[in-house]
Amino acid sequence: MNDSTWGGTPPADPPAGAHPDLPPGHDPYGSYGAWPEQVPDAPTGYDAAPYDAVRPGRPDGHGDGAIRAQQHFPAGVGVRTQDDHTQVLSPIAGHDPDDGSRPDAGGPFHEEPVRRDPAPVEAPREGRVVTGDQPAKPVGKAGRNLPQAIGVGVALGGVIVASLLTVQVLFVGVVLLAVLVGLWELAGAFGRAEAVADAAGRTAQGATVGRGIRIPVIPLAVGSAAMLIAAYARGAQGLAVATALTAVAVMIWRMTEGPEDFLRDMTAGVFTVFYLPFLAGFAVLMLGDDDGAKRVLTFIILVVCADTGAYAAGVISGGRHKMAPTISPGKSWEGFAGGVILAAAAGALCVMSMLDGAWWQGAVVGVAAAAVSALGDLAESMIKRDLKVKDMGSLLPGHGGVMDRLDSLLAAAPVVWLLLAAFV
């Protein structure tokens, strides 16, 4: 049996200790009037007249117990619930109950907001990328915009071929421009790689927390130009000497900025010397031979065929057997096999038709170019994962940044140069 003041029939007399000056329902120890269900003909649902106005009691319409919710809802809140369709209202704080603030007088009461289930989210269609409110953009199965990628690739290929077939020294300028843009992208990616402390407050090699890797861009840019020009003018010996001088200049320049994070910045700077202008210099070395333009063209065709064959084979086969899922989840052994086969066939044709070599020599060069270009792609993926960036840049639509196109070419350049020099 429930004889509390919150349910059942209220007691006839107030309990001991009730405040004598407060009306029923306003004293925390006083009794409450009957619920609206217990009053004959009490309004329910969304009736405009409040149920307390029909209770017997005070002439102002407030019943013997006022409204029970006054002690549980903040003053001045009027709520019309949706669950039990019971109107629970209380006067506005600081206003007299008879000053027009009651619901039948049009006072400032509000309704509880209507609950609505969230609209169902349409699943993105297959083959489309949906990001926020942006319109969907068509992409290929491998995650790139294929028409854009083909268009940009054809345009870049046209520039290279035009430079090789007209004034060959222009090709050196094209390589230098690509190296400088790649240097700018790499410096930006390094700068965003802020050191993060572990639970004990330590960082790798004692690096400063929140500070990115800073490589000396000016000596790197000047040294890159010197290395490529030396490779074209003096061959391999000139490239080696210019590379050593550039590395020394990078170390000296960084020393002038103080000892903070010196080892980290200097290591990244010297790495950049060998990764960008030094490897690119081997493409310039090919140009120094009598048939240099044909050698460079063969080199570029092999790398492009390796990339195209890998892409096509990976898409057709579905890429079920991943090559390095923790480094580059998109690369598969099926794609690698397709790249090797297409590059070997292209190598055999190019070496026989343009360089007067044997077909098997061209096939060997093609297989080596495909294998090393895949490793170069994986190496750059490792760098991006370490720096926590998706692409080095966004200059080339459908490809990413310039560095995202140079990775395979940089790795394959010394191998193709060496094999062509040995065979033909």
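How far is the sulfur of Cys305 from the closest cysteine sulfur, and in which residue does that sulfur lie? The distance is 7.0 Å, to Cys350, which is too far for a bond. A disulfide is a pair of cysteine sulfur atoms within 2.5 Å, and by this rule the structure has 0 disulfides. Cys350, for its part, takes part in no disulfide, its nearest cysteine sulfur being that of Cys305.

The structure is a predicted model, in which local features need pLDDT of at least 70 and side-chain atom pairs count only at pLDDT 80 or more, while totals for chains, interfaces and linings use all residues. Residues are numbered from 1 along each chain as its sequence is written, and side-chain values use heavy atoms, with hydrogens and water left out.

Cys305 is buried, at 17% relative accessibility, and Cys350 is buried at 8%; buried means under 20% relative accessible area, exposed over 50% and partly exposed in between (1.4 Å probe, protein chains only).

The aromatic residues come next. Rings of Phe, Tyr and Trp (its six-membered ring) pair if their centres lie within 6.5 Å, and planes under 30 degrees apart count as stacked, over 60 as edge-to-face and the rest as tilted. The whole structure holds 6 aromatic pairs. In one of them, Phe278 and Phe282 have ring centres 5.3 Å apart and planes at 85°, so this pair is edge-to-face. Both residues belong to helix α4 (residues 262–287), where a spacing of 4 residues separates them by about one helical turn; helices are DSSP runs (H or I, at least four residues), numbered from the N terminus. Phe278 is partly exposed at 21% relative accessible area, whereas Phe282 is buried at 11%. Phe278 and Phe282 also belong to one aromatic cluster with Phe274 and Trp417.

How values were computed
Helices (H or I, at least four residues) and strands (E, at least two) are DSSP runs, numbered from the N terminus.
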